[in-house]
Amino acid sequence: MSTLRVVQIGCGYWGPNVLRNLAAHPQVELAGVVDIDPDIRAWLAVHYPGVPFAPAFDVGLLDRWNAQAVVIATPATTHFSLAGQVVKSGRHCLVEKPLAMTAGECEELINLAQASGVALMPGHTFLYNAAVTKMKKIIQSGELGEIYYAHAQRLNLGRIRQDVDVVWNLAPHDISILLYWFGKSPTRVAARGATFIQPGIPDIAFLDLEFPDGQYASIHVSWLDPHKTRRITLVGSKKMAVYDDVAENKLTIYDKGVDRAHPEKATLGRFEDFGTFQLRLRGGGVTIPPIDFIEPLRVEVAEFVSAIHEGREPLTNGASGLQTVLVLEAASRSMEQNGQFVKVEDSF
Ligand SMILES: NC(=O)c1ccc[n+]([C@@H]2O[C@H](COP(=O)([O-])OP(=O)(O)OC[C@H]3O[C@@H](n4cnc5c(N)ncnc54)[C@H](O)[C@@H]3O)[C@@H](O)[C@H]2O)c1
């Protein structure tokens, strides 16, 4: 496979992790790094000597650095403008989550990327996490039965952002995971948030997602919490499961549930006799599926490079970036309407 010359834009908190994984990929050559912060450029000069850097992005840089692909790790509000210029210039583009700040912007990026024949990939890192992909396989195997509901918690003290609220900062992770696990988008979202630290920027939020067929999910995000929590509980008709990203055992399957005494007699409607509807609680064993854990960003970068070389869509593509943003938009509208349910717009 030939080498891919990649430029990275933005190297603040998350960017150095991306850059380390780009540098470690055998088919990637770092063509240059752009960051507007002089302290970051001083750090780059020490840690990546020999890699050119620049204080501002312009498309001419990509020509001068002979770049074929760009990774964007700047604040979310800059994604649309930067990614638009990148894909228009015919370069493949990996954009950190969220893909952009509105569904309209996402659609424009998708159209521009299609017109240029380049890959557009949102960095939904958790979809490259081995525990998340293992859970998807467990769901698909039918072991949990029909999925009833999911409860996601993503809490910590900090990093408090000024450019986006807690929903746009943290919930893209849980939304992208739930869309992947459920295999569909919610139809309606209700969200309430509360603001304590900076005016107009909610610090905590609770989202309710209604899926077709009665499935339901709730998401609690907060950057004002004493405990770092990254947990999603899944309740199915046969078993229950917990994905805990900060635990040593990231996945636990509980053989717990509610069984009907005589399922063959059960009808959907009226109670015919008491015995038919006797419910039994089942509290069986616990299993911990083994996971071969690889740093998710390493897998994400590898997927970006492979998708480009193979001329195919990456696992997370423009459409999945758009679907996540449609849910975020509905959540923001609901918060403005004091928690009313808001329809999730269809993607195009
Ligand atoms: N996938 C994940 O798990 C994950 C985790 C954290 C952050 N992120 C995402 O990564 C992105 C960056 O987040 P962060 O926490 O590193 O933010 P940050 O503010 O710490 O860093 C952003 C960097 O971009 C630079 N920058 C800003 N505007 C620029 C521009 N126009 N041109 C060049 N450089 C510019 C800043 O100087 C800064 O160094 C965000 O989209 C965020 O949502 C993803």
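This report describes the sheets, helix packing, ligand shell and local backbone features of one predicted model.

Residues are numbered from 1 along each chain as its sequence is written. Because the model is predicted, local features need pLDDT of at least 70 and side-chain atom pairs count only at pLDDT 80 or more, while totals for chains, interfaces and linings use all residues. Helices (H or I, at least four residues) and strands (E, at least two) are DSSP runs, numbered from the N terminus. Two strands pair if DSSP finds at least two bridges between them.

**The six-stranded sheet**

Six strands form an open sheet with parallel pairing, in the order β3-β2-β1-β4-β5-β6. Its edge strands, each pairing on one side only, are β3 (53-54) and β6 (120-123). Strand β5 (residues 92-96) runs parallel to β6 and is joined to it by four bridges; L94 has M121 in β6 as its bridge partner. Helix α4 (residues 79-88) lies across β1 (4-9), β4 (69-72), β5 and β6, and runs at about 170° to β5. Axes here are lines fitted to C-alpha atoms, for helices over the stretch in contact, and angles run from 0 to 180 degrees between N-to-C directions. Two residues are in contact if their C-beta atoms, placed from the backbone, lie within 7 Å.

**The nine-stranded sheet**

An open sheet of nine strands has mixed pairing and the order β14-β13-β12-β11-β7-β10-β9-β8-β15. Strands β14 (279-287) and β15 (342-343) stand at the edges with a single partner strand each, so one side of each is left without a neighbour in the sheet.

| Strand pair | Sense | Bridges | Residues opposite |
|---|---|---|---|
| β8 (residues 188-194) and β15 | antiparallel | two | R188 and K343 |

Helix α6 (residues 130-141) packs on this sheet, where it touches β7, β12 (240-244) and β13 (251-260), and its direction makes about 170° with that of β12. Helix α9 (residues 318-336) lies across β8, β9 (204-210) and β15, running at about 55° to β8.

**Packing of α1 and α8**

Two packed helices are described by the angle between their axes and the distance between the axes. For helix α1 (residues 15-24) and helix α8 (residues 296-310), the axes come within 9 Å and cross at roughly 60°. The angle therefore makes α1 oblique to α8, given that angles under 35 degrees count as roughly parallel, over 145 as roughly antiparallel, 65 to 115 as roughly perpendicular and the rest as oblique. N17, V18, N21 and L22 in α1 meet L297, R298 and V301 in α8. By class, this contact has four nonpolar, two polar and one charged residues. Ala, Val, Leu, Ile, Met, Phe, Trp, Tyr, Cys and Pro count as nonpolar, Asp, Glu, Lys and Arg as charged, and the others, Gly among them, as polar.

**Ligand shell**

The ligand is surrounded by 22 residues, of which the closest are G10, G12, Y13, W14 and E96; a residue is near a molecule if its C-beta atom, placed from the backbone, lies within 6 Å of it. The shell has eleven nonpolar, seven polar and four charged residues.

**Local backbone features**

K97 and P98 are joined by a cis peptide bond, with omega about -10°. P98 belongs to the loop between β5 and α5 (103-116). N66, although not a glycine, has a positive phi of about 55°, and N66 is found in the loop between α3 (59-64) and β4.
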